[in-house]
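Here's a quick tour for anyone meeting this structure for the first time. Take a look at the sequence and the 3D view, then read on.

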Amino acid sequence: MPLGLSPLFCSSMQVPLFIARRIAFNKAPSFSRFIIRLAMGATALSVAAMVVTLGLVEGFQHTVSGKVYSFWGHVRVQALAPLRSMVAEEEPMERSPEMDQLIAQTADVQHWHAFAAKSVVVKSKSDFEGLLLKGVSRSFSQSGFERFMVAGRSLQFADDSLYSQDLLLSQPAASQLQVQVGDTVQMIFIRQGENIRSRNLVVCGLYKTGIDEYDRQFALADLAFLQRINQWSNNEIGGYEIWMQQPRQADTAAATLSALLPQGVVAEPIKKLYPNIFDWLSIQNQTKLIVICVMIAVAVINLITCLLILVMERARMVGVLQSLGMSQAGIQQIFWYYAAYIAGCGIAIGLALSLGLLGLQQATGFITMDEATYYVRQMPVRIIGWQVLAVAAGSFVVCLLALRLPLYFVNRIQPVKVLRFS
């Protein structure tokens with residue numbers, strides 16, 4: 001047995017850990033110290049890029065989809081009309097206590113309200129604009145819509161026997177019509193296909209969702225007003241808009257309701273009725289996947305390269321340890337600890353950097369976007385704890401697995417040759 005170290009002592013965990021710490025924390029200027037910093041920097045940048053990408057993409061998806069849900073709800077119940085356009089008047093359906101109870105008893109429903117839609121021409125003193133007037137009932141969630149208010153107030157509903165004369169107009173439509181809060185506008189509509197009528201409403205407030213196709217096409221009013229101009233009874237509505245506790249519950253709730261609703265009435269998730277925005281948002285998942293794969297590949301390649309250089313630089317040390325009796329497993333443990341130190345420090349730096357940048361964006365909003373194109377003025381941020389932990393844990397595991405190639409060269413080092421030519 002070679003002199004100097006006993007096999008029992010050499011195989012213990014303390015010696016490999018001690019040697020790895022001495023190498024890693026050696027403050028003397030050396031080429032290996034530069035390589036360690038380079039590997040840490042590459043790992044930190046890769047982790048930071050993954051966390052920032054997840055935070056920004058998740059924030060963007062959550063904010064834009066939240067705007068759609070705030071405007072339409074998660075599930076819509078309406079009369080079946082297969083050829084109806086996405087932006088069109090609703091076919092009237094009969095509202096009944098049994099249907100209200102059915103919706104109320106559906107699992108995870110948060111709230112709902114009845115609504116209807118009517119195509120109108122809004123005429124001001126200087127201009128006119130064609131809009132789809134959306135009538136909402138008094139159970140309409142005013143608090144959920146307040147996030148879009150830019151001027152004035154929300155709708156106020158009159159007594160059951162009357163209708164409110166309030167009109168909630170979008171800011172782009174108000175600019176087109178050159179009206180402000182408090183101005184009276186004329187609502188021109190066609191009744192029964194040929195009878196042109198008009199009614200006056202007062203602009204009570206202005207809203208802006210940031211989704212241009214909604215802001216330029218919709219105005220909100222009292223459902224009772226639409227029932228009056230359509231000559232509907234108080235029980236006739238266009239449908240129900242339902243909000244769930246979580247968006248992911250919409251598909252299940254829609255399927256449950258569709259199976260129980262009367263014939264000719266169907267419940268569908270908003271994602272299916274308005275697929276253009278949601279399909280666009282789902283494409284962002286591919287962006288996340290591409291960035292994560294590229295950054296992991298960059299981190300692994302950099303770590304493998306750096307460890308290979310470190311292994312070659314420490315070949316003489318490996319030869320000495322082998323000649324002193326340290327087992328191959330013990331030598332491998334040195335580089336396992338070495339890689340864990342580099343990966344751990346790099347991941348910690350990357351998490352601190354990324355979370356700091358995301359926090360700065362949340363606080364200041366220094367990254368701005370074209371709202372007309374992307375539906376948001378400032379890049380939103382949403383940090384999900386389990387995703388951050390998954391990035392950290394996954395990066396650490398992948399970096400350790402990347403050590404298999406450098407360890408292959410450690411196993412091929414022969415003490416005699418190394419010590420002879422060193």
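Which helices and strands each supply at least two residues of the lining of the largest pocket? In this predicted model, the answer is helix 3, strand 3, strand 11 and helix 11. The table shows where they sit in the sequence.

| Element | Residues |
|---|---|
| Helix 3 | 31-72 |
| Strand 3 | 109-123 |
| Strand 11 | 239-244 |
| Helix 11 | 275-313 |

Helix 3 gives the largest share of that lining, with eight residues. The whole lining runs to 26 residues, and His62, Ser65, Gly66, Tyr69 and Pro247 are the ones nearest the pocket's centre. As for volume, the largest pocket comes in at about 780 Å³. Sort its lining by class and you get 15 polar, six nonpolar and five charged residues.

Now for a pair of helices. Packed helices are described by the angle between their axes and the distance between those axes. Helix 13 (residues 328-364) and helix 15 (residues 385-401) have axes that come within 9 Å and cross at roughly 155 degrees. Angles over 145 degrees count as roughly antiparallel, so that's how helix 13 and helix 15 lie to each other. The crossing itself is right-handed.

Who meets whom? On the helix 13 side you'll find Trp336, Ala339, Ala340, Ala343, Gly344, Ile347 and Leu351, and they meet Val388, Ala392, Ser395, Phe396, Cys399 and Leu400 in helix 15. By class, this contact has 11 nonpolar residues, two polar ones and no charged ones.

Note on methods. Residues numbered from 1 in each chain as written. Predicted model: local features only at pLDDT ≥ 70, side-chain atom pairs only at ≥ 80, totals over all residues. Heavy atoms only, no water. Axes fitted to C-alpha atoms, helices over the stretch in contact; angles between N-to-C directions. Helix = DSSP H or I, 4+ residues; strand = E, 2+ residues; numbered from the N terminus. Parallel < 35°, antiparallel > 145°, perpendicular 65-115°, else oblique. Left-handed = near helix turned anticlockwise from the far one by under 90°. Contact = heavy atoms within 4.5 Å. Nonpolar A, V, L, I, M, F, W, Y, C, P; charged D, E, K, R; others polar. 1 Å grid on protein atoms, 1.4 Å probe; cavity = no way out; pocket = protein on both sides within 12 Å on 5 of 7 lines; lining within 4 Å. Points joined across faces, edges and corners; volume = space filled by probe spheres on them.
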